[in-house]
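Have a look at the structure first, and then read on.

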Amino acid sequence: MAAENPIESLQEEATCPVCLEYFTEPVILECGHNLCRACISQCWEGSDTAASCPQCRETVQQRNLRPNRQLANVLEIAKRLSLQAAKGTGGGGVCGRHQEALKLFCEEDQTPICVVCDRSRGHHTHTVVPIQEAAQEYKEKIQAHLKTLREEREKLLGFKVTAEKRSQEYLKQTDTERQKIVSEFQQLWQFLEEQERLLLAQLEKLDEEIVKIQNENITKLSEEISRLSELISELEGKCQKPASEFLQDVRSTLSRCEKGKFQQPEEISPELEEQVSDFSRKTIVPLETLRKFKDTLLSALETQIGEPQAAHRQVNVTLDPDTAHPNLVLSEDGKSVTRGDTRQRLPNNPERFDSRACVLGCEGFTSGRHCWEVEVGDGGCWAVGVARESGGRKGRISRSPEGGIWAVEQCRGQFQALTSPVTPLQWRRIPSRIRVCLDCDRGQVTFINAGDEAPIFTFPPGSVPGERIRPWFWVWDTDTRLRLRS
């Protein structure tokens, strides 16, 4: 029965009775029926001349097939009308194949289809429901999933808040401990400096007493030596005279020789010697106590920060020119770096630092313990440490653990660890050689004064992530030169 809707009636007239889709290259038979050229060719396959119409079964001649151009034009008009009708009704879209409104939903293929698709071979055996009915059913399913997902999100947000709160509490505790340690060591340092000044002042007084006695003794000895020299000269002259003249006043001469015996002065008075001995006895105990305290402290620090530094393997580090900032000048052997006055014309490859005057070492480490030494000289502005290989190279990178850098810095009289915020380091004299010790397995970096083996600073275990880590260097001014020791 014909459809009541004119557009649907037009769609039916534009539909091939064989494939049930819009005509493709429509042809008209002698009986007056229209079919797709491909459909009629398939039906007549194997027949040479006469064949029957698939719709009315009337015998027709194959050679009399003629294109139906008017029907092709009507077909285009039907497609446009269907598209306009679908847009006007606010439907859920148009079928890309038939230009029909998507009013149905195929359960098997899980996709919206049009009425022409429903009558085609591809869908005629499938379960098809109205699209609004399918939308309602799937909305209910999606709403159920949404409820579960929202509950899961709320749960995760709760975990996040709890974790952030716990982290802040831990960070507050570590900051309190940091301040306590800095304060305690500052007090200890002040106490030791004060004791050093007192002991050195006492030694200076003893030095003054010893020098005073030494000068007095030298003066006396010099005077006596001069007197004896005069007497010896006089006696030598007297011995050259004739016997009669020589023997004159011989008693007085002998008396003067007897008086010439000089009593050697004491080099140090008993009182002063007692002061020196008493000072030595008094300082032996505190100095020995300090030595024991130093040994105990170093042992405790080794236990706190990990293995002794001797466990680290010395590696030969060279500088990577592909990462060097254009202002940095590297030596031919790749062992030293300075900052030039002008920016070099170098390729802006992804590995190169373009804002911070940094350079990485060629070597990278993912496991084990490794160390290398850097000569930093006196003064200047510099920083040495390690960096994540995946860290940023372009723009204003953050020189901190958050930016993937763990280092110590000396600049403008400030010696500090590049924590966040920075940690001032208490040193009377900044080291001229620094040993960088990387423990990949523990995620820890330690800096050692290579001159006296004294610890400088340690980024605690777990600070450095378990990924490829490379040596890192920063040079600020032209007076600074960093050199790697082989």
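## Overall make-up and aromatic rings

The protein chain holds eight helices and 22 strands. Please keep in mind that this is a predicted model. The chain has 486 residues, and 31% of them count as buried. Its accessible surface comes to about 31000 Å², with 51% of that belonging to carbon and sulfur atoms. If we take the contacts between residues at least 6 apart in sequence, 59% join residues at least 24 apart.

Now for the rings. How many aromatic pairs does a search of the whole structure find? The search turns up six aromatic pairs. One to look at is Phe365 with Trp372: the ring centres are 5.8 Å apart and the planes stand at 15°, so this pair is stacked, the cut-off for stacking being under 30 degrees. Are these two residues buried or exposed? Phe365 has 7% relative accessibility and therefore counts as buried. Trp372 is buried as well, with a relative accessible area of 1%.

Elsewhere, three phenylalanines come together: Phe447, Phe457 and Phe459 make up one aromatic cluster.

Lys141 is placed over the face of Tyr138, while Arg339 is placed over the face of Trp476. Here are both with their distances:

| Charged residue | Ring | Distance from the ring centre |
|---|---|---|
| Lys141 | Tyr138 | 4.9 Å |
| Arg339 | Trp476 | 5.5 Å |

Terms used. Residues numbered from 1 in each chain as written. Predicted model: local features only at pLDDT ≥ 70, side-chain atom pairs only at ≥ 80, totals over all residues. Heavy atoms only, no water. Helix = DSSP H or I, 4+ residues; strand = E, 2+ residues; numbered from the N terminus. Buried < 20%, exposed > 50% of the residue type's maximum accessible area, 1.4 Å probe, protein only. Contact = heavy atoms within 4.5 Å. Areas by Shrake-Rupley, 256 points an atom, 1.4 Å probe, with all protein chains shown as cover. Phe/Tyr/Trp six-rings, centres within 6.5 Å; stacked < 30°, edge-to-face > 60°. Lys NZ or Arg CZ within 6 Å of the ring centre and 35° of its normal.
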